[in-house]
Structure formats: C-alpha cells, structure tokens
Amino acid sequence: VMQTVAECGVSWDRVVLELVETALVDLPSRTRQAMGELVDRGVRFAVDDFGTGYSSLARLKDLPAQIIKVDRRFVSGVGGDPSDFAVAQAVVGMARAMGRRCVAEGVETATQFHVLSGVGVDAYQGYLFSKPVPPKEFRALLESGPLPLSQG
C-alpha cells in the first residue's frame, strides 16, 4: 500500500481502505502494526457492512478503523421501519461517541437522506446521488458541483 500510494503521488490523507467487519476481527499483531503505520501517515480505514457480521459490539472499540459504515440493510427502512431507524441511529451514535465518522450505504431516496442527516451521518453513498459511473464520467460529475436533492 505504501509503495502504491507513493507511486501515485496521492496525499496520504485522501486514502481510505475499506474492509468488511469480519476482516477486522482478530487481526494478527503484525497486521495491526502495519495498519497503525498507515494510519500514522494519514490513511483511514472504514468498516464496511457494519452490523451484519458476527462480531460483538464489544469489539467495535477495538477495530482499527476511523470510519463506520451503516449497512444498506438498515438504511433501506429508515424512513418507515422503526427497527431500521433504531439500528441506524445507534450505529451513528456509537461511531460519534468514539470519535469516528459515519457513512450511510445504499441511500436511494431523499427521505432516507434527510432522516440520516438528522441523526448525524457524515457522508452518504447510493443511487440518490449517482449510479456507478466510469472514471471519466466520475471526474465530470465531481466537477459539476453539488448534487441536487429533492425534498421528499
């Protein structure tokens, strides 16, 4: 990772490595050390699919990650399912209490966006903003400025 980042000339603080929750559980000490070295350089780690694996909440505090992602399974119902809302709100609250950022996956409706915004989500991914696009189109999308959202 260090070699690739150096070769690309990307600023370390712009690198986020995403790992599924289960990959971050019971990491060997050498792996944790290597991750720590990357974090010291500015790299951030994100826990993808949080809440869908088999790790306990007690392990959350030990995960070497600065970003927690709310899985789309919980995001999909936040506008109408009290249980999904409760899980999403709890994940955001835990992430914030531990000084971590929180990203919501699979945001497809303005309602989901507004509800999640109201509970303190830091960033969003999903079709509400854009379908997956090739790199050239992605650059143009970024250069076009803020993406419009309906008030729905």
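User: What order do the strands take in the open sheet?

Analyst: In this predicted model, the open sheet has five strands in the order E1-E2-E3-E4-E5, and their pairing is parallel.

User: And which ones are the edge strands?

Analyst: The edge strands are E1 and E5, since each of these pairs on one side only.

User: What holds paired strands together in general, by the way?

Analyst: Strands of a sheet pair through backbone hydrogen bonds, and the pairing can be either parallel or antiparallel.

User: How many bridges are there between E1 and E2?

Analyst: E1 and E2 pair over five bridges, in the parallel sense. Within that pair, Val-16 stands opposite Arg-44 of E2, and Val-20 stands opposite Asp-48, also of E2.

User: Moving along, what does Ala-104 stand opposite, and what is its bridge partner in E5?

Analyst: Ala-104 belongs to E4 and stands opposite Val-70, where E3 and E4 run parallel and are joined by four bridges. Towards E5, the bridge partner of Ala-104 is Tyr-124, and E4 and E5 pair in the parallel sense over two bridges. The chain crosses from E4 to E5 through helix H6, residues 110–118, in a β-α-β crossover that is right-handed.

User: Changing topic, how much space lies in the largest pocket?

Analyst: The largest pocket holds about 600 Å³ of space. Its lining is made of 18 residues, and those nearest the centre are Arg-14, Val-16, Arg-44, Gln-125 and Phe-138. Two of these names came up with the sheet, as Val-16 and Arg-44 stand opposite each other there.

User: Which element gives the most to that lining?

Analyst: Helix H7 gives the most to the lining of the largest pocket, with four residues. At least two residues each come from strands E1, E2, E3, E4 and E5 and from helix H7, which spans residues 135–143.

User: What classes of residue make up the lining of the largest pocket?

Analyst: That lining has nine nonpolar residues, eight charged residues and one polar residue.

User: What about the second largest pocket, what is its volume?

Analyst: The second largest pocket has a volume of about 320 Å³, and it is lined by 13 residues. Nearest its centre lie Phe-129, Ser-130, Phe-138, Leu-141 and Leu-147, and Phe-138 is also among the residues nearest the centre of the largest pocket.

User: Where does the largest share of its lining come from, and what classes are in it?

Analyst: H7 supplies the largest share of the lining of the second largest pocket, three residues. By class, this lining has nine nonpolar, three polar and one charged residues.

Notes
Residues are numbered from 1 along each chain as its sequence is written. This is a predicted model: local features need pLDDT of at least 70, side-chain atom pairs count only at pLDDT 80 or more; totals for chains, interfaces and linings use all residues. Side-chain values use heavy atoms; hydrogens and water are left out. On a 1 Å grid over the protein atoms alone, a cavity is a set of points where a 1.4 Å probe fits but cannot get out, and a pocket is an open set with protein on both sides within 12 Å along at least five of seven lines; lining residues have an atom within 4 Å of a point. Grid points are joined across faces, edges and corners, and a volume is the space filled by probe spheres set on the points. Ala, Val, Leu, Ile, Met, Phe, Trp, Tyr, Cys and Pro count as nonpolar, Asp, Glu, Lys and Arg as charged, and the others, Gly among them, as polar. Two strands pair if DSSP finds at least two bridges between them. A crossover is right-handed if, with the strands pointing away from the viewer, the path from the first strand over the helix to the second runs clockwise.
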